[in-house]
Each structure stands twice: as structure tokens, then as C-alpha cells.
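Below is a short note for a colleague who has not looked at this structure before. Please read it with the model open.

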Amino acid sequence: MRVLLIGPNGYIGRFVADRLLADPAVQLTALGRGDDADVRFDLASGSPGALTRFLDAVHPGVVINCAGATRGGARELTRHNTVAVATVCEALRRSGCGARLVQIGCAAEYGPSQPGSSTAEDAVPRPGGPYGVSKLAATELVLGSGLDAVVLRVFSPAGPGTPAGSPLGRLAEAMRRAMQTGDGELKLGGLGIQRDFIDVRDVARAVHAASLSAAQGVINIGSGRAVRLRDAAAVLARVAGYGGALHELDGPPPPMRSQLAHSLGHPGGGHATGGHALAHSIGHPRPDSDHPAPVPHPGAYPYPDGCGSWQQADVRTARDRLGWRPRINLEESLADIWMEAACRI
């Protein structure tokens with residue numbers, strides 16, 4: 001099977017490439033904006049005709065689109081997440097290759113959901129920000145293209161390679177700095193939200209399965225379980241061996257110490273003394289200074305995906321139509337995030 005992978009150097013794309021390269025039945029061609037791609041092409045500025053000519057030359061059986069942008073203004077997000085997908089769809093319609101399209105969507109397309117609920121694929125999307133809007137528009141383009149296509153709506157990816165600017169990445173960086181400077185307290189904001197974290201390697205497995213299946217439409221890819229960021233922080237502290245106090249700035253519970261990691265079924269570490277408190281908001285980029293500014297009222301820093309306080313995936317469709325289930329638990333994902341952060345100490 002010849003596969004064209006678009007966006008091989010992104011967070012998800014790297015693991016999809018690794019997964020496909022491990023399959024001896026796959027002949028992989030990578031298309032991206034970087035110099036290390038097999039073919040350099042910018043979907044946001046390149047013409048559908050040029051991409052069509054390439055598709056006709058390579059003749060892939062499957063096209064996987066992992067390209068896109070997660071940051072920037074509405075115009076930039078629209079260019080890289082919507083216009084780019086329109087280019088892919090138009091090129092595939094013009095091409096004679098008849099390739100199947102696997103598009104990587106995201107849970108931000110759904111927007112906020114009711115606490116305690118599981119979001120299924122038939123939920124009415126109400127994205128809460130320009131990123132979700134741009135990705136939802138891309139999904140609608142794919143679904144309306146008439147192509148053999150499936151959209152995988154990935155919830156909150158985690159694990160090795162987690163971007164430093166993501167909430168879990170910022171959490172690990174805040175803890176690294178606290179350990180490096182000997183701070184006995186870590187003040188964190190934005191820990192009250194609950195998200196469905198899914199390891200990026202499990203996402204890559206789902207992409208591989210989708211490329212081999214006949215499934216069409218939208219399929220959720222998540223763990224099926226929402227986890228509070230405060231619980232993820234406690235587990236990360238235990239994995240990291242951070243014995244200081246974790247003070248939550250935006251929640252009603254009293255100051256939380258890392259030994260309270262038993263909230264996820266694990267004993268914690270010991271006490272630490274001395275040092276001053278570091279203040280961070282996990283849902284917002286930290287200041288450039290090595291001495292962060294105090295965190296304002298928690299309501300000032302919403303979690304950046306525009307999905308409110310709760311998201312949890314209904315993953316039955318992935319199980320039934322792809323034969324896929326998540327294998328890697330959140331503790332292993334957090335351990336891998338910490339290993340990369342610890343290398344910077």
C-alpha cells in the first residue's frame with residue numbers, strides 16, 4: 001500500500017510516520033513544508049493543480065493529512081487548517097489516483113460539553129474559538145467532498161513530544177523549574193478543568209487502522225475518561241519525585257501536596273522545605289522571564305482549546321468500526337513527558 005503522509009514533522013505526524021514505517025506492507029511518501037520531507041509543498045499557498053499532478057505521479061492508495069496549525073490568529077488558522085484541506089480535497093477530486101483520505105480533526109470542533117457527559121460523533125459542534133472553527137470547517141469540507149474519507153477527531157493528545165506550550169508541557173516545565181531552583185512550593189492555576197487525554201502513540205495506531213479500514217464519516221479518538229488537570233499534576237509530581245507542595249490557585253480544595261497522588265491510586269512523595277513559591281497558569285503561556293509574574297484571577301486564563309471545563313469522548317465508534325482501543329495509560333504518558341522535561345535540568 002502506497003501512503004502519502006502530509007505533515008510528517010508535526011506532533012502527531014511524527015508518530016504516524018513511525019507507525020507506518022514499521023509496517024512492511026506500506027510504501028511511505030512524506031509531503032511537508034520542511035527540508036526533510038520527501039516532497040516540499042505548502043498546502044496553504046500551493047495550488048490544487050500542482051498537488052493533483054503530484055498525486056497522479058505517485059498514485060497513493062491512502063492520503064493521511066496530519067498538517068495544520070494550533071496557534072495564531074483567525075486568518076492564519078484558517079489558511080493552515082481550512083484552506084489547506086480545501087486544497088487537498090480539490091486535488092484528490094481532480095486526480096485519477098482514487099486515494100482514500102484520512103483527515104486528523106480535533107475535539108475542539110465540539111466545543112464545551114455538559115460535565116459528566118460523553119461526547120459522541122453525532123453531537124452538534126459548537127466550537128468555542130477560532131482554532132475549533134477552522135478545524136470544523138475542514139471537517140465539513142472533507143465530509144462534503146464526495147471522497148472516500150474519514151475524519152478522526154482526536155481529543156487531548158499526550159505523551160512523548162508533547163509541545164512545551166501545551167498545558168501538560170507547561171505543567172512539566174513549571175515542575176522542572178521548581179526542582180531546579182529548589183522551590184518547595186509550586187502554585188498552579190487552571191487545574192480545575194477535565195480533559196480526555198490520549199497518548200499520541202495510540203493516536204498513531206488509530207490513524208493506521210483508519211487507513212486500512214472502509215470506515216467513513218467522523219470517529220472520536222480518545223481514552224473515554226476525563227481526568228482533572230490537578231490529578232495529572234499530582235501524578236506528574238510523583239513520577240518526577242517532586243516532594244514540594246502543589247497549591248492550586250483556582251479551586252476550592254485546600255493546598256494540595258504531591259503525596260496526594262493517591263487520588264489516582266498511587267502513594268506520593270515526601271515533604272520539601274524551603275524555597276519560594278512559583279506561580280503558573282497551566283492554561284496560558286508563561287511569561288518569558290525566569291521569574292514569573294503572579295497569576296491573576298483564574299477566570300482570566302481559560303483553558304486554550306475553547307472547550308470549557310469538561311470534555312470526555314464516547315469512543316465506541318472507534319472500537320466498533322476500527323477495532324481500536326487505547327493501550328497506554330495517562331501515567332505512562334506523563335512519565336514520558338517528564339523524561340523529556342528532565343533532560344533540560
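1. The model is predicted, not experimental in origin, and local features are described here where pLDDT is at least 70. Side-chain atom pairs are counted only at pLDDT 80 or more.

2. The protein chain has nine helices and 15 strands. Of its 345 residues, 53% are buried.

3. Start with helix α1, residues 11-21, and helix α6, residues 200-212. Their axes are 8 Å apart, and the two helices pack at an angle of about 60°. The pair is therefore classed as oblique. In handedness, the crossing of α1 past α6 is right-handed. On the α1 side the contact uses Tyr11, Ile12, Phe15, Val16, Arg19 and Leu20. On the α6 side it uses Val200, Arg201, Val203, Ala204, Arg205, Val207 and His208. By class, nine of the residues in this contact are nonpolar, one is polar and three are charged.

4. The next pair is helix α2, residues 48-58, with helix α3, residues 74-94. The axes of α2 and α3 come within 8 Å and cross at roughly 50°. This angle makes α2 oblique to α3, and α2 passes α3 in a right-handed crossing. Pro48, Gly49, Leu51, Thr52 and Leu55 are the α2 residues in the contact. They meet Thr87, Val88, Glu90, Ala91, Leu92 and Arg94 of α3. The contact of α2 with α3 is made up of six nonpolar, three polar and two charged residues.

5. How do helix α7 and helix α9 pack, and at what angle? Helix α7 covers residues 229-240 and helix α9 covers residues 330-342; the angle is about 60° and the axes are 9 Å apart. α7 and α9 are therefore oblique to each other, and their crossing is right-handed. From α7, the contact takes in Ala232, Val235, Leu236, Arg238, Val239 and Ala240. From α9, it takes in Leu330, Glu331, Leu334, Ala335 and Trp338. The contact of α7 with α9 has nine nonpolar and two charged residues, with no polar ones.

6. Ala17 belongs to helix α1. Is Ala17 buried or exposed? Its relative accessible area is 11%, under the 20% cut-off, so Ala17 counts as buried. Leaving aside residues up to four places away in sequence, Ala17 touches Leu5 and Leu28. Ala17 and Ala30 are 13 residues apart along the chain, and their C-alpha atoms are separated by 8.3 Å.

7. Ala137 is in helix α4, which spans residues 130-143. With a relative accessible area of 29%, Ala137 is partly exposed. Between Ala137 and Ala86 the C-alpha to C-alpha distance is 9.5 Å, while the two are 51 residues apart in sequence.

8. His59 sits in the loop between α2 and β4, the latter being residues 62-65. Its backbone deserves a check: the phi of His59 is near 55°, a positive value in a residue other than glycine. Most residues other than glycine have a negative phi. His59 has a relative accessibility of 45% and counts as partly exposed.

9. Gly244 lies in the loop between α7 and β13, where β13 is residues 245-248. At 0% relative accessibility, Gly244 is buried. The C-alpha atoms of Gly244 and Asp183 are separated by 7.4 Å, and these residues are 61 positions apart along the chain.

Note on methods. Residues numbered from 1 in each chain as written. Heavy atoms only, no water. Axes fitted to C-alpha atoms, helices over the stretch in contact; angles between N-to-C directions. Helix = DSSP H or I, 4+ residues; strand = E, 2+ residues; numbered from the N terminus. Parallel < 35°, antiparallel > 145°, perpendicular 65-115°, else oblique. Left-handed = near helix turned anticlockwise from the far one by under 90°. Contact = heavy atoms within 4.5 Å. Nonpolar A, V, L, I, M, F, W, Y, C, P; charged D, E, K, R; others polar. Buried < 20%, exposed > 50% of the residue type's maximum accessible area, 1.4 Å probe, protein only.
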